[in-house]
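Let's take a walk through this model together.

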Amino acid sequence: MRETTVHAGAWWLWALALGTAATRTTNPLLLGLLLAVSGYVVVTCRPRTPSVRSYTAFLKLALAVLVIRLVFAVVLGSPIPGTHVLVSLPEVPLPDWAQGIRLGGRVTAEAVVFALYDGLKLATLLVCVGAANALAAPTRLLKSLPGALYETGVAVVVALTFAPHLIADARRLRAARRLRGRPDRGVRGLLQVGLPVLEGALERSVALAAAMDARGYGRTAEVAPAVRRTTAVLTLGGLLGVCAGTYGLLTAEGGTYGLPVLLAGLAAALGGLWLGGRRSPRTRYRPDAWNPRSCAVAGSGAVVAALLVLAAARDPEALHPGVVPLVAPALPLWPAAAVLLGLLPALAAPARPAPVRPSPARPARKEPS
């Protein structure tokens with residue numbers, strides 16, 4: 001069964017690639033198609049773990065972001081000009097130092113549609129990240145990190161799990177207070193619940209530190225000084241090369257040197273991480289392995305992102321429908337077909353049905369004589 005499990009990194013690459021594709025368009029039809037693809041894959045491939053519940057939380061967060069973006073466009077105005085006035089709100093006069101900002105005034109259809117497109121793009125990106133959390137918990141990525149980043153990965157995972165533990169403790173204590181007939185709301189209830197929650201968090205931190213120390217966490221192997229200096233030079237130089245190459249790809253002037261510098265920086269950074277991993281010898285218990293299913297999942301997301309980037313460069317009007325003047329968005333055919341390639345994980349790695357446990361046989365009852 002372990003050989004057929006999709007690698008956690010493959011799910012995250014697939015989801016981040018869909019999020020990258022969402023950043024290349026403001027077409028609501030394509031963004032809705034990306035939302036439908038990610039949702040269908042989550043429903044089809046979701047594991048039987050508690051992390052799958054995070055997808056609903058990200059959906060609510062995405063909806064809240066969309067609503068906040070629309071409210072800001074209505075209340076604070078928008079730089080988008082428009083002629084179709086929907087409503088005129090009372091405008092609040094502001095001092096001279098707040099020029100460029102207005103409260104109230106005319107609300108045009110063009111400004112609302114522009115805010116809707118912009119907010120929907122960010123909401124789609126958040127939903128894609130939620131799909132990655134639901135399909136592969138971040139803690140699973142810890143086993144796949146290079147040895148040089150192991151301690152950093154542990155710190156990040158511990159930080160990510162701190163808030164959920166606090167919320168669980170607060171719910172448990174509030175339920176206990178309600179059962180005892182004590183108030184659990186208001187300032188008094190918050191103060192009486194907050195202290196036990198913080199005390200439990202401190203005890204959990206001390207227990208975690210003792211467990212990590214007992215398992216040898218933080219102990220490093222002896223390496224030569226030359227290896228340490230080479231590791232530092234390769235890692236820092238590689239990261240600088242990645243930044244310079246990325247900047248070159250994003251600017252028109254650096255298009256010739258951007259890709260070679262980016263590839264050289266990635267190679268140097270990977271070499272530095274490999275050398276740095278020699279300082280932290282450790283073993284992995286049942287590590288996740290890359291298999292054909294993992295490659296298919298990650299590859300499908302990469303293809304979607306690459307095709308959407310190509311479509312945005314060749315036909316920007318189709319991926320960015322205009323709002324001045326207002327036009328109805330049209331669904332471009334081959335970018336939509338490219339987005340549908342993101343459904344490949346639903347075919348390559350569907351979730352297995354839960355095993356059916358046979359019910360215990362009931363003893364036959366004896367008929368009374």
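Helices H9 and H11 cross in a left-handed sense. This is a predicted model, and in it H9 spans residues 292-314 while H11 spans residues 333-340. Their axes are 8 Å apart, and the packing angle is about 165 degrees. Angles over 145 degrees count as roughly antiparallel, so H9 and H11 are roughly antiparallel to each other.

Which residues of H9 and H11 meet? On the H9 side you will find Val 304, Leu 307, Leu 308, Leu 310 and Ala 311, and they meet Trp 334, Pro 335, Ala 338 and Val 339 of H11. Sorted by class, this contact has nine nonpolar residues, with no polar and no charged ones.

Now look at Pro 292, which is placed in H9. Is Pro 292 buried or exposed? Its relative accessible area is 67%, and exposed means over 50%, so Pro 292 counts as exposed.

In H1, the residues taking part are Trp 11, Trp 14, Leu 18, Ala 21 and Ala 22; in H2, they are Leu 31, Leu 34, Val 37, Ser 38, Val 41 and Cys 45. By class, the contact of H1 with H2 has ten nonpolar residues and one polar residue, and no charged residues.

What is Ser 38 in contact with, leaving aside its neighbours within four places in sequence? The partners are Trp 14, Leu 18, Tyr 55, Val 127 and Ala 131.

Another serine, Ser 78, sits in the loop between helix H3 (54-75) and strand S1 (85-92). Once neighbours within four places in sequence are set aside, Ser 78 is in contact with Ala 73, Arg 102, Ala 111 and Phe 114. Glu 110 is 32 residues from Ser 78 in sequence, with a C-alpha to C-alpha distance of 9.3 Å.

How do these places relate to the record? The unreviewed UniProt entry annotates several stretches as "transmembrane region", among them 57-80 and 295-313. In the model, residues 57-80 are 79% helix and 0% strand, and the C-alpha atoms at the ends of the span lie 32 Å apart. Residues 295-313 are 100% helix and 0% strand, with 27 Å between the end C-alpha atoms.

Finally, zoom out to the whole chain. The protein chain has twelve helices and two strands, and along the sequence they follow the pattern α-α-α-β-β-α-α-α-α-α-α-α-α-α. Of its 369 residues, 32% count as buried. Among contacts between residues at least 6 apart in sequence, 78% join residues at least 24 apart.

Key: Residues numbered from 1 in each chain as written. Predicted model: local features only at pLDDT ≥ 70, side-chain atom pairs only at ≥ 80, totals over all residues. Heavy atoms only, no water. Axes fitted to C-alpha atoms, helices over the stretch in contact; angles between N-to-C directions. Helix = DSSP H or I, 4+ residues; strand = E, 2+ residues; numbered from the N terminus. Parallel < 35°, antiparallel > 145°, perpendicular 65-115°, else oblique. Left-handed = near helix turned anticlockwise from the far one by under 90°. Contact = heavy atoms within 4.5 Å. Nonpolar A, V, L, I, M, F, W, Y, C, P; charged D, E, K, R; others polar. UniProt positions renumbered as here; feature names shortened; annotations may be inferred. Buried < 20%, exposed > 50% of the residue type's maximum accessible area, 1.4 Å probe, protein only.
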